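Subject: Model handover

Hi,

Here is the structure for your files. My notes follow below it.

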Amino acid sequence: MCRSIKTLRPPQLAEEATEEEIRAAALQYVRKVSGFRAPAVHNREAFERAVDAIAEATAELLGSLEVRGQAVREAAG
C-alpha cells in the first residue's frame, strides 16, 4: 500500500529508528489513507491527531519487537 514507507527495524536500519523517521512514516501512512497530501484547514487537527497516534503506535511496536538472530548477524558482521 505505502511503498514509500521504509522498514524501521533492524536489520533494515543499523540503529533504532529516530522520532523523525517514525513521524515521517506515520505522515506517509495518513497521507495515503486520507488521500490528502496536505489537509484543508478544517481537517488539519484531525490529520495531525492521526499522525501523532500512528507515530506513537509505531514507536510502541518497534520498542516491543524482538528481532531474532540479530546478535548473531552483528557478531558476524
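Glu66 sits in the loop between α2 and α3 (70-76). Helices here are DSSP runs of H or I with at least four residues, strands are E runs of at least two, and numbering starts at the N terminus. At 61% relative accessibility, Glu66 is exposed. The cut-offs: buried is under 20% relative accessible area, exposed is over 50%, and partly exposed is in between, with a 1.4 Å probe and protein chains only. The C-alpha atoms of Glu66 and Arg9 are 9.8 Å apart. Along the chain, 57 residues separate that pair.

Two points on conventions. This is a predicted model, where local features need pLDDT of at least 70 and side-chain atom pairs count only at pLDDT 80 or more, while totals for chains, interfaces and linings use all residues. Residues are numbered from 1 along each chain as its sequence is written, and side-chain values use heavy atoms, with hydrogens and water left out.

Overall layout

The chain has three helices and zero strands. From the N terminus the order is α-α-α. Of its 77 residues, 17% count as buried. The chain exposes about 6100 Å², and carbon and sulfur atoms supply 52% of that. Those areas come from the Shrake-Rupley method with a 1.4 Å probe; for residues, only the protein chains shown count as cover. Now contacts, meaning heavy atoms within 4.5 Å. Take those between residues at least 6 apart in sequence: 61% of them join residues at least 24 apart.

Core

The largest nonpolar core has nine residues: Leu8, Ala17, Ile22, Ala25, Ala26, Val30, Phe47, Val51 and Ala55. A core here is a set of buried Ala, Val, Leu, Ile, Met, Phe, Trp, Tyr and Cys residues joined through side-chain atoms within 4.5 Å. Two or more core residues come from each of α1 (19-34) and α2 (44-64). Helix α1 gives the most, with four residues. Ala26 touches Val51, Ile54 and Ala55, leaving out residues up to four places away in sequence.

Helix α2

The 21 residues of α2 should span 30 Å at 1.5 Å a residue. The expected span is 1.5 Å times one less than the number of residues. The end C-alpha atoms of α2 are 30 Å apart, which agrees.

Which residues of α2 are buried? They are Phe47, Val51 and Ala55. Seen down the axis of α2, these buried residues fall within an arc of 70°, so they line one face of the helix. The arc is taken over the directions from the helix axis to the C-beta atoms. An α-helix has 3.6 residues a turn, so residues three or four places apart point the same way. The buried residues of α2 pack against α1. On the other side of α2, Glu45, Glu56, Glu60, Gly63 and Ser64 are exposed.

Ala50 is also in helix α2. Ala50 is partly exposed, at 27% relative accessible area.

Salt bridges

The structure holds three salt bridges. The criterion is a side-chain nitrogen of Lys or Arg within 4 Å of a carboxyl oxygen of Asp or Glu.

- Arg23 and Glu48 meet at 2.7 Å, N to O. Arg23 lies in α1 and Glu48 in α2, so the pair ties together parts 25 residues apart in sequence. Arg23 is partly exposed at 32%, and Glu48 is partly exposed at 33%.
- Asp52 and Arg23 meet at 2.6 Å, N to O. This pair links distant parts of the chain: Asp52 in α2 and Arg23 in α1, 29 residues apart. Asp52 is partly exposed at 40% relative accessibility.
- Glu45 and Arg49 pair up too, with the closest N and O atoms 3.0 Å apart. Being four residues apart in helix α2, Glu45 and Arg49 are separated by about one helical turn. Glu45 is exposed at 59%, and Arg49 is partly exposed at 49%.

Arg23, Glu48 and Asp52 are linked in a network of salt bridges.

Best wishes
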